[in-house]
Amino acid sequence: MMKDKNKEFWKVINMMDFNGRGYQAAGRWLVEDSGLTFSEIKEIRNMAQRKVNVLYKKFCDDVRIGSDDGFDDVLWQTVANGFQSFHSCTAESLTEMYDENRYTESFAYSFHAVDRIEDEQFAANKFLKRERATKRIEEMRRFGGGFDQKLIAAFEHADNNNKRKLAKGFPEIFEHLVD
């Protein structure tokens with residue numbers, strides 16, 4: 001299974017065409033046109049990071065590059081260049097890539113589109129949870145007993161600090177209504 005994921009990973013990296021498109025268009029292709037699910041897209045991003053980490057651990061002591069930023073860009077470029085580049089690179093070839101300026105800043109930026117989706121997804125989930133909590137409170141207000149109604153009234157009149165305390169004591173009701 002991992003071999004299939006690895007093969008699929010390199011296929012996607014190739015189709016992103018970072019060297020032809022640049023990081024923004026490569027990221028857009030991954031998110032909008034690759035046909036991958038969001039969890040598959042996150043897995044591609046995570047695998048790319050792991051590949052960079054493998055290269056870092058393998059070459060961090062032997063590559064002669066003046067800046068950490070440059071070293072990072074060269075490692076990301078090596079992953080962007082594909083399977084052959086990743087598996088055949090050496091400390092010398094990475095140093096030459098840096099010295100001859102044969103890398104672009106930075107393939108990692110292609111994956112910022114994934115981070116934006118995660119942020120949007122988080123905000124949407126938070127909104128939905130808040131909506132459900134608000135709906136539940138309305139139902140409790142209309143159909144709940146005296147305790148429920150007094151609890152809701154206390155929450156509505158409380159300052160933010162006391163709202164947090166109520167949310168801690170009654171998370172099933174209030175946790176999604178406080179920050």
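## Close-up views of a predicted model

I13 is buried, with a relative accessible area of 1%, where buried means under 20% relative accessible area, exposed over 50% and partly exposed in between, calculated with a 1.4 Å probe on protein chains only. This is a predicted model, in which local features need pLDDT of at least 70 and side-chain atom pairs count only at pLDDT 80 or more, while totals for chains, interfaces and linings use all residues. Residues are numbered from 1 along each chain as its sequence is written, and side-chain values use heavy atoms, with hydrogens and water left out.

View 1. I13 belongs to helix 1; helices (H or I, at least four residues) and strands (E, at least two) are DSSP runs, numbered from the N terminus. When residues up to four places away in sequence are not counted, I13 touches I44, V79, A80, F107 and F111, contact being defined as heavy atoms within 4.5 Å. I13 and S110 are separated by 97 residues in sequence, and their C-alpha atoms lie 11 Å apart in space.

**View 2. S110 in the loop between helix 7 and helix 8.** S110 is placed in the loop that runs between helix 7 (91-99) and helix 8 (112-143), and with a relative accessibility of 1% S110 counts as buried. Its side chain reaches the backbone oxygen of Y23 at 3.4 Å, which can be read against the definition of a polar contact as a pair of N or O atoms within 3.5 Å, where within protein one must be able to donate a hydrogen and the other to accept it, and residues adjacent in sequence count only if both atoms are side-chain atoms. Leaving aside neighbours within four places in sequence, S110 is in contact with M16, F18, Y23, A26 and G27.

**View 3. The packing of helix 4 against helix 5.** Two packed helices are described by the angle between their axes and the distance between the axes. Helix 4 and helix 5 (residues 68-80) pack at an angle of about 125 degrees, and their axes are 9 Å apart; axes are lines fitted to C-alpha atoms, for helices over the stretch in contact, and angles run from 0 to 180 degrees between N-to-C directions. That makes helix 4 oblique to helix 5, since angles under 35 degrees count as roughly parallel, over 145 as roughly antiparallel, 65 to 115 as roughly perpendicular and the rest as oblique. The crossing of these two helices, helix 4 and helix 5, is right-handed, a crossing being left-handed if the near helix is turned anticlockwise from the far one by less than a right angle, and right-handed if clockwise. On the helix 4 side, A48, Q49, K51, V52, L55, Y56 and F59 meet F71, D72, L75, W76, T78 and V79 of helix 5.

**View 4. The packing of helix 5 against helix 7.** The axes of helix 5 and helix 7 cross at roughly 110 degrees and come within 10 Å, and the two helices, helix 5 and helix 7, are therefore roughly perpendicular to each other. Helix 5 and helix 7 also make a right-handed crossing. The contact is made by G70, V74, L75, Q77 and T78 of helix 5 together with L94, M97 and Y98 of helix 7.

View 5. Most residues other than glycine have a negative phi, and most peptide bonds are trans.

**View 6. The cysteines C60 and C89.** A search of the whole structure finds zero disulfides, a disulfide being a pair of cysteine sulfur atoms within 2.5 Å. The sulfur of C60 is 13 Å from the closest cysteine sulfur, which is in C89, and this is too far for a bond. C60 is partly exposed, with a relative accessible area of 29%, whereas C89 is buried, with a relative accessible area of 10%.
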